[in-house]
Amino acid sequence: MSNSVLSPNPPNPNPPNPNPPNPAPPVTGITITYHNDNQRTGQNLGETVLTPQNVISTTFGKLFSYPVDGAIYGQPLYVQNLQFPAQGIRNVVYVVTEHDSVYAFDADQKSPGTLWQVSLADAASNVTPVPCADEVAPPGDTTTCNFIGTEIGITGTPVIDIDTKTLYVSAFTKEGTTYVHRLHALDLVSGSEKFGGPIAIQGSVPGTGDGSDGTNVAFDAHQHLQRSALLLSNGVVYVAFASFSDVTPYHGWIFGYDSQTLQQRALLNLAPNGTAAGIWASGGGMASDSAGNLFVVTGNGTFDADSGGQDYGDSFVKLTQAGSSLSVADFFTPFNQSNLNLQDLDLGAGGPVLLPDQSGGHAHLILAGGKQGTLYLVDRDNMGHFRTANNGQIVQSLASIVGAIFSTPAFWANKIYIAGVGDSLKIFDLNGGLLSTAPSSHSANTFGFPGATPTISANGSQAGIVWVLENAAFRTKKPAILHAYDANDVSHELYNSQQAGSRDTLPLGVGFAVPTVANGKVYVGTVSELDVFGVMP
């Protein structure tokens, strides 16, 4: 028997490392959906590098660019601190093209540059982007080609699930003589397909509307453009559709898919017994609030919801998801909807923004406008339906207050930012749940068609900058222009990409494009490349 006595503090056989390695920083998404959040406010409140003091032509400009194989219509998305097996931790910007390609680029430096690229088409299997000419109708009308270009592939902005590290993309392909829209779920690190994807987007609903067989209306992929941004809300990925240049038959379709099984969870047609009511919003997206309610604004089309029908042309529509059922919970339709439809002044040319809770009698507000240049401020809890004489049932209506709206407004620090066609960038103040009836500030320059969708970078309530892409020259084959304005007074332009001669010149832009601002850099998609701006070294 041993007479030894155990030490009250025996030595640790696995002593802690006195210099433990730093843990990997958490993966976070700065811009993982269109216009920064599901409310579509367009604000990045965590920008600590870019300020009104350093965003000037002597210290700020184009750093580098990445060539791509097609036009970039979707907004670039940004994720930081992703671990790549061979490259380590990277900040990544994701870009999609009309050639049906998806790119993951190093967001900070040209080398190593492309982290991965995948094609969602396969020419060897006769799966290609859709030639523009296939979508031009009637014969001789080249409108569609003017808007999209020579081919149509990925147009709507994708969405990212940061928890599962998945990028959801809607791609359009021609497969022999068949046209297909597919939803892809791609791994953020490898680009590989997940959850058994991709899946073909298809379905039918009861209805007697345009293109029906008299009993049901089936989704016709050839007739529908997937232009609006995807939405991920409460585990469902929503994909919405409108037309190619108003060529009938078409409808406003919404499909919802489980984000981890890709099983269809929702299917809705917003004009099943009529026509049109498309959802395109000039590239904007469906919005959702903290309670999970969904909101869309439709374009021209049949409207009969005021008399018990199911058709919602030119309307704000609130939707609820319950199980596998997506249904209309409320709506607002302007009193002059018939004229809007007749004159092609579709309300749905503009995208919605859900405002933070407001004081006053209407806490939950939605704001949008269309081609008539009227801003509508609507109570999301009581949208008001339809009146024949006026819009007095809604919170506020500012008639023709800006140029035609083909954009989504931005919100920051109780200010609304909007740039209509042929109009300046304007600020409208928001106080007590009401908009000022005149702009408090406007830019010296104006924007031609299609106007512009602003985006905001700020460090909380400080150092606000409004970023705007001027793409009016895309039809005349001239460069896009990146503008930056003081967010407190947009009459003060801080910078534009033409101020430094050819140093910062952009290629030809694309209609409705939106810049992405993250971690001291600005990412701009064009017809041929992704351009990266930042503070000059």
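Where is A281 found, in a strand or in a loop? In this predicted model, A281 is found in the loop between strand 21 (264-269) and strand 22 (287-288). The points below begin with the backbone at this residue, and then turn to other residues and to a group of paired strands.

**Positive phi angles**
- Although A281 is not a glycine, its phi is positive, at about 55°.
- A281 has a relative accessible area of 4%, and because buried means under 20% relative accessible area, A281 counts as buried.
- N81 is not a glycine either, and its phi is positive as well, at about 70°.
- The place of N81 in the chain is within strand 4, which covers residues 77-84.
- With a relative accessibility of 18%, N81 counts as buried, since the cut-off for that word is under 20%.

**Cis peptide bonds**
- The peptide bond that leads from G197 to P198 is cis, and its omega is near 0°.
- P198 belongs to the loop between strand 13 (178-187) and strand 14 (199-200).
- Another cis peptide bond joins F449 and P450, where omega is about 10°.
- P450 is placed in the loop between strand 35 (441-447) and strand 36 (455-459).

**The surroundings of T374**
- T374 sits in the loop between strand 27 (365-369) and strand 28 (375-379), and at 4% relative accessibility it counts as buried.
- The side chain of T374 reaches the backbone nitrogen of S400, at a distance of 2.9 Å.
- If residues up to four places away in sequence are left out, T374 touches A368, G369, S397, L398, A399, S400 and I405.

- An open sheet is formed by 5 strands, which follow the order 1-4-5-6-7 and pair in an antiparallel way.
- Strand 1 (28-31) and strand 7 (114-119) are the edge strands of this sheet, since each of them pairs on one side only.
- From one strand to the next, the twist of the sheet averages 25°.
- Strand 5 (residues 88-96) and strand 6 (residues 101-106) run antiparallel and are joined by 5 bridges.
- V95 has Y103 as its bridge partner in strand 6.

Technical notes:
Residues numbered from 1 in each chain as written. Predicted model: local features only at pLDDT ≥ 70, side-chain atom pairs only at ≥ 80, totals over all residues. Heavy atoms only, no water. Helix = DSSP H or I, 4+ residues; strand = E, 2+ residues; numbered from the N terminus. Buried < 20%, exposed > 50% of the residue type's maximum accessible area, 1.4 Å probe, protein only. Pairing = 2+ DSSP bridges. Axes fitted to C-alpha atoms, helices over the stretch in contact; angles between N-to-C directions. Polar contact = N/O pair within 3.5 Å; in protein donor to acceptor, adjacent residues only side chain to side chain. Contact = heavy atoms within 4.5 Å.
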